[in-house]
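Subject: Handover of a structural model

Dear colleague,

Please find below the sequence and structure that I am passing on to you. My notes on the model come after it.

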Amino acid sequence: MHTLALVTPLVMVAYLVVTEWVPMFPFNDLEAQSVRERLTMAAVNYPVFAAIAVAIALEANVVALVLTLLTVAGHVVSWWLPYFGISFAAQREAYLREYARTWKILPTEGRAVVIDVQHMVVGVLCLVMLVGVSVTTLGG
């Protein structure tokens, strides 16, 4: 599990780099965000996942677990709560502007925000990372 906890955040960074910088429409929609917006998101997201890997490598597992829990919470707040109708106007506007044209496999009818496949993969990676970091930190 230690290897899973160490490698998954690095896989996440690699995945984010590819999906945020390599056009793969309709998997992603890079036309919807400026380079400046993508750089801002990269500056926020990449260091967090890198810090999780570094924390695991340095055996600061509690730090890694806290950061991982925060990333899972952020994903839930950004995608799953809005999918079930709990969102702010700014989230709905950003979704319409940036993700409305991307692939979705969940039902869209009656939903203001629907998580796209690109971000479902992020969610799966977050959960895998949570399992790895949790088991590494708490034992089991």
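This is a predicted model: local features need pLDDT of at least 70, side-chain atom pairs count only at pLDDT 80 or more; totals for chains, interfaces and linings use all residues.

Residues are numbered from 1 along each chain as its sequence is written, and side-chain values use heavy atoms, with hydrogens and water left out.

Nonpolar cores

The largest nonpolar core comprises 22 residues, and M12, L16, F49 and V133 have the most contacts inside it. A nonpolar core is here a set of buried Ala, Val, Leu, Ile, Met, Phe, Trp, Tyr and Cys residues joined through side-chain atoms within 4.5 Å. Buried stands for under 20% relative accessible area, exposed for over 50%, and partly exposed for values in between (1.4 Å probe, protein chains only). Two or more residues of this core come from each of α1 (2–21), α2 (35–57), α3 (61–83) and α5 (117–138); α5 supplies the largest share, seven residues. Helices are DSSP runs of H or I with at least four residues, numbered from the N terminus.

Leaving aside neighbours within four places in sequence, F49 is in contact (heavy atoms within 4.5 Å) with P9, M12, V13, L16, T71 and M129. A second, separate core has eight residues, among them Y83, Y99, I115 and M120.

Two further buried positions deserve mention. T8, in helix α1, has a relative accessibility of 5% and touches L125, V128 and M129, not counting residues up to four places away in sequence. V72 belongs to helix α3 and has 16% relative accessibility; with neighbours within four places again left aside, its contacts are C126 and L130. The C-alpha atoms of V72 and L138 are separated by 17 Å, the two residues being 66 residues apart along the chain.

Helix α5 has 22 residues and reaches 31 Å from its first C-alpha to its last, close to the 32 Å expected; the expected span is 1.5 Å times one less than the number of residues. G139 follows α5 and has a positive phi, near 80 degrees.

On the surface, M1, L4, V124, V128 and V131 form a nonpolar patch with about 400 Å² of accessible area together. Such a patch joins nonpolar side chains (Val, Leu, Ile, Met, Phe, Trp, Tyr) within 5 Å, from residues with over 30% relative accessible area and no salt bridge. Areas come from the Shrake-Rupley method with a 1.4 Å probe. The largest share of the patch, three residues, comes from α5. V131, which lies in α5, is partly exposed at 43%.

Salt bridges

The structure holds three salt bridges, each defined as a side-chain nitrogen of Lys or Arg within 4 Å of a carboxyl oxygen of Asp or Glu. D29 and R101 meet at 3.0 Å, N to O. D29 lies in the loop between α1 and α2 and R101 in the loop between α4 (89–98) and α5, so this pair ties together parts 72 residues apart in sequence. D29 is buried at 9%, whereas R101 is partly exposed at 46%.

R101 also meets E31, at 3.8 Å, N to O; E31 is exposed, at 72%. R97 pairs with E98, the closest N and O atoms being 2.9 Å apart. R97 is partly exposed at 47%, and E98 is buried at 9%. Through shared partners, salt bridges join D29, E31 and R101 into one network.

With kind regards

Key: Patches are made of residues with over 30% relative accessible area and no salt bridge: like charges are joined within 9 Å, nonpolar side chains (Val, Leu, Ile, Met, Phe, Trp, Tyr) within 5 Å.
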